[in-house]
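Subject: Structure handover

Hello,

Here is the structure I promised to pass on. Please open it alongside this email and follow the notes below.

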Amino acid sequence: MESLNLTAKIRVYTFDEGAECIKKLINEAKLAAKNAYAPYSGFRVGAAVLLCNGEIITGNNQENAAYPSGLCAERVALFAANAQRPDIAVEAIAIAGFHDGEFTGLPCRPCGGCRQVMVETENRYDKPVKVIMYGKSKIYEAGSAKDLLPLGFEKGSLPE
Ligand code: THU
């Protein structure tokens, strides 16, 4: 029987070790987390999207009493970027999570639905999106959203 071996390379580093442009993007994500509307979970997430022209567009999670009507920070930021700058490719997204008065120690990882939207963004602009997951003790960085969603459902998966 044949089998597939799926691997992904994730860079691991601390904030201090990060490049200046990465630190700037993370700081924007952290700022955005402060403005999240998360009265139900108490978990504030901020996301900062870096566009190819250097512009940064941020978002945060928006919860709702009818839980499924809320939206994650990454999708708020990506949809805003795609809506405001439809012709400019996305280069990277940084994510930071804040709970109980502090940012998480471990990297804040995107949920499956947000990974799906990141992959769509990659395909839309034919460019990998770097995913930077911030944590106080370490940062994870994937070179492409597809590394976080192997064998995902994409345009090519739809019947002709
Ligand atoms: N959340 C995000 O904003 N991004 C993720 O990738 C995971 C979870 C939000 C959704 C909800 O408002 C809260 O965190 C708790 O799940």
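First, a definition. Helices (H or I, at least four residues) and strands (E, at least two) are DSSP runs, numbered from the N terminus.

Next, the ground rules. This is a predicted model, where local features need pLDDT of at least 70, side-chain atom pairs count only at pLDDT 80 or more, and totals for chains, interfaces and linings use all residues. Residues are numbered from 1 along each chain as its sequence is written, and side-chain values use heavy atoms, with hydrogens and water left out.

Buried means under 20% relative accessible area, exposed means over 50%, and partly exposed lies in between (1.4 Å probe, protein chains only).

**Two positive phi angles**

Start with D100. D100 sits in the loop between strand 4 and strand 5 (102–103). Its phi is positive, about 55°, although D100 is not a glycine. D100 counts as exposed because its relative accessibility is 69%.

L151 is another case. Its phi is near 55°, a positive value in a residue other than glycine. You will find L151 in the segment after strand 7 (139–142). With a relative accessible area of 66%, L151 is exposed.

L151 also belongs to a surface patch. Together with L4 and L6, L151 makes a nonpolar patch of about 360 Å². Patches are made of residues with over 30% relative accessible area and no salt bridge; like charges are joined within 9 Å, and nonpolar side chains (Val, Leu, Ile, Met, Phe, Trp, Tyr) within 5 Å. Accessible areas come from the Shrake-Rupley method with a 1.4 Å probe, and for residues only the protein chains shown count as cover.

**The ligand**

Which residues surround the ligand? They are S41, F43, V45, N61, E63, C72, A73, E74, R109, P110 and C111. Each has a heavy atom within 4 Å of the ligand.

An N or O atom in the side chain of E63 is 2.5 Å from a ligand oxygen. For E74, a polar side-chain atom lies 2.7 Å from an oxygen atom of the ligand. C111 uses a polar backbone atom, 2.9 Å from a ligand oxygen. Taken alone, the ligand exposes 370 Å², and the protein buries 74% of that.

**Salt bridges**

A salt bridge here is a side-chain nitrogen of Lys or Arg within 4 Å of a carboxyl oxygen of Asp or Glu. The count by this rule is 5. Here are some of them.

- E141 and R11 meet at 3.4 Å, N to O. E141 lies in strand 7 and R11 in strand 1 (residues 10–13), so the pair ties together parts that are 130 residues apart in sequence. E141 is buried, with a relative accessible area of 6%.
- R85 and E55 meet at 2.8 Å, N to O. R85 is in the loop between helix 2 (73–84) and strand 4 (90–99), while E55 is in the loop between strand 2 (44–51) and strand 3 (56–60), 30 residues apart. R85 is partly exposed at 32%, and E55 is partly exposed at 25%.
- E122 and K146 meet at 3.7 Å, N to O. E122 is in helix 3 (residues 112–125) and K146 is in the segment after strand 7, 24 residues apart. E122 counts as buried at 3% relative accessibility, whereas K146 counts as partly exposed at 31%.

**Helices and distances**

Now look at helix 1 (residues 20–34). Helix 1 has 15 residues and reaches 22 Å from its first C-alpha to its last, close to the 21 Å expected. The expected span is 1.5 Å times one less than the number of residues. Buried residues in helix 1 are I22, K23, L25, I26, A29, K30, A32 and A33. An α-helix has 3.6 residues a turn, so residues three or four places apart point the same way.

M118 lies in helix 3. Is M118 buried or exposed? M118 counts as buried, at 0% relative accessibility. M118 and K24 are 94 residues apart in sequence and 20 Å apart in space, C-alpha to C-alpha.

A65 is exposed, with a relative accessible area of 57%. A65 and A89 are 24 residues apart along the chain, and 34 Å separates their C-alpha atoms.

Best wishes

How values were computed:
A polar contact is a pair of N or O atoms within 3.5 Å; within protein, one must be able to donate a hydrogen and the other to accept it, and residues adjacent in sequence count only if both atoms are side-chain atoms.
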